[in-house]
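Have the viewer open and follow along.

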Amino acid sequence: MTPDLDTKDRCFRALLIWSNLVIACCGIALMPMCIFFISDRGRLYVLVYATGNDSIWRGAWKGLFTRFSLFCTSIFGMHAIAVSKINILLAYILLMAIIYAFEVASAITAATHKDWFVPDLFLKQMLQKYNKPLPDNLPSTQDQIYVINGITETWNRFMTESKCCGVYGPEDWVKNESHFRQQCCQQDAMGAISHLEACKIGVSPFLHAQVTLKADFIRHSFGVSWFGFAILCWTFFVILGVIFHYTQLDF
Amino acid sequence: MARNGHRYRYWNPMHLIGHIKPNGIHSSVFDVTFWCTKVDTVCSTSHTEQRKRKHSIAFLFFLILQPCYISTGVSNFDADKNKTYIDTLSPYPTAFSSNTSKKYFLTKLGLQKDYPCPVVAGTDYFRVGSDGSCSTPNCNGILPVGSTARFRYVLINPANKTVVAESLWSNNITLYPLKDPESIDNGFAGRSASMIVITSILCSFLALLLLLLLIMLIYVLCCREEKQEIQVPGSVRMYDTHNLKDPSPYVNRAYEDEPQRPTATSPIRLKSYTDYDLKKPATEL
């Protein structure tokens, strides 16, 4: 039925099939990165939620599903190119274009919303909400209660586990009309403070004077945006190749 | 002014913590020497003197330097120090209360043996302001926020409360000014370079992709031309099979229904068979 394929065409098809294999591998490898980000091992979501800019999680959810779809569609694409029937190939191209658009949305969302996270944002939030008295327990104040409790627990955990104090250091509490924090003091294995007086006057090992490290999720969100960008650059050229191949088919 | 060896640690503006090493001062009248050690110097004053005299030792003064005001705590104290009952001239509750107050106070009056010199992690220190907001005349109360302070030791005669010996003034220590947390600017810091790169490149890729997809669809549906089958007149009618041993002419069955050879008056009519199927009717080209 169909004429014999010449060498060039065969090479081109092989190249496209290999490219789709690469997309499949990338998709399935990068999907767990989104899962890791969403799972929020450091339990930092409440800090971000309190700022009102938690769209980075939406970007990660989108990325999760698009990368899995890329994996599935590129396997389908390998079959479609091998068979090279018109309708199947057209279906592949349209599917890839749709998934491409969603992955672009995911990468751009993650990259854009990361810009909101400056240290002063978390400093102000910490000073305003850490250990503040809770409002009455009404349905309308549940969100506030969640935020205040969440911020207090998160910062207590930070300061004791990571041995730091405040966003920029102990001066945060001093300069901004706040109180001395016992979580900034060194604790022994049983959880009691080693030396409270030394901590109060700021003697070095007894007071944690380090800066809180930038929350890890800011680094992990690089994975959502930049790896998405990488996979999209590659996929763009693969789709172009398949479009060209489609136009060269005999109908 | 005492300079060497001062270490100041600021933790809380309410509690200024200073380590002072007053320089050695020898008082000729009472033969007392302050050693060059830290704040707890008073504890290590020579024991012989302690047995001989029971002097009250006052600790740090807080004198506020206010450049905008003509009279500062330092100058006020220097003006007052030759008077008797120095400990009552400026009690703590009124020391900073108004623009006309003297802006200094004496604290921690007591005998040397009663003097607190806690040792914390190898460092001796005296913590100013550790009594918090207190109201007795010579309590160790908190300092005004954002002020600049200096301090010194004095030795006081317990009988008429005159100053008999004093250390030098410390350096200026400026306390933290307090900031309202509401004033912190947590606003947007501007777009980062990575965001601009990602957004611009991906948007242009997506736009290009959609454009090319559209062009492809239009091309495929509308603008594609029918492919011509290449026909060379005569060459398919009868040709050699190129068998070297037994060359035999092969008659193409497609032309069986045309018995005569083509001439100028009866040229070959080329036919096209759909799907190369000779059974189906041919269409003349």
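Which residues of H5(B) are buried? Keep in mind as you look that this is a predicted model. The buried set runs Ser194(B), Met195(B), Ile198(B), Thr199(B), Leu202(B), Phe205(B), Leu206(B), Leu209(B), Leu213(B), Met216(B) and Val220(B). The spacing of such a list is worth a thought: an α-helix has 3.6 residues a turn, so residues three or four places apart point the same way.

H5(B) itself covers residues 193-223, 31 residues in total. From first C-alpha to last it reaches 43 Å, close to the 45 Å you'd expect at 1.5 Å a residue. An unreviewed UniProt entry lists residues 195-221 of chain B as a "transmembrane region", along with residues 57-77. Over residues 195-221, chain B is 100% helix and 0% strand in the model, with the end C-alpha atoms 39 Å apart.

Staying in chain B, there's a hairpin to look at. Strand S11 (residues 154-156) and strand S12 (residues 163-166) of chain B pair in the antiparallel sense, over three bridges. Ile156(B) stands opposite Val163(B) in S12(B). Six residues sit between the two strands, and in that turn Lys161(B) has a positive phi of about 55°.

Now over to chain A, which has nine helices and zero strands. Its pattern along the sequence is simply α-α-α-α-α-α-α-α-α. Of its 251 residues, 49% are buried. If you take the contacts in chain A with a separation of 6 or more, 73% of them involve residues 24 or more positions apart.

Where do the nonpolar side chains gather? The largest nonpolar core has 40 residues, and those with the most contacts inside it are Leu47(A), Met126(A), Trp155(A), Met159(A) and Trp173(A). Helices H1 (7-39), H2 (45-51), H3 (55-83), H5 (119-129), H6 (142-161) and H8 (196-201) of chain A each give two or more residues to this core. Domain 1 (8-117 + 218-250) and domain 2 (119-201) of chain A both contribute residues, so the core lies between them. Apart from it lies another core, of 37 residues, among them Ala107(A), Leu232(A), Ile243(A) and Leu249(A).

Zoom in on Leu47(A) for a local view. Setting aside neighbours within four places in sequence, Leu47(A) is in contact with Phe122(A), Gln125(A), Ile151(A), Thr154(A), Trp155(A) and Phe158(A).

Finally, a few backbone details in chain A. Most residues other than glycine have a negative phi. Asp40(A) has a positive phi of about 55° although it is not a glycine, and you'll find Asp40(A) in the loop between H1 and H2 of chain A. Is Asp40(A) buried or exposed? With a relative accessibility of 13%, Asp40(A) counts as buried, because the cut-off for that is under 20%.

Ser84(A) also has a positive phi, near 60°. Ser84(A) lies in the loop between H3 and helix H4 (86-114) of chain A, and counts as buried at 10% relative accessibility. Val83(A), in helix H3 of chain A, is partly exposed, with a relative accessible area of 34%. Val83(A) and Arg13(A) are 70 residues apart in sequence, yet 9.9 Å apart in space, C-alpha to C-alpha.

Note on methods. Residues numbered from 1 in each chain as written. Chains lettered and ligands numbered in written order. Predicted model: local features only at pLDDT ≥ 70, side-chain atom pairs only at ≥ 80, totals over all residues. Heavy atoms only, no water. UniProt positions renumbered as here; feature names shortened; annotations may be inferred. Helix = DSSP H or I, 4+ residues; strand = E, 2+ residues; numbered from the N terminus. Core = buried A, V, L, I, M, F, W, Y, C linked by side-chain atoms within 4.5 Å. Buried < 20%, exposed > 50% of the residue type's maximum accessible area, 1.4 Å probe, protein only. Domains from an automatic or database assignment. Contact = heavy atoms within 4.5 Å. Pairing = 2+ DSSP bridges. Expected span 1.5 Å × (residues − 1).
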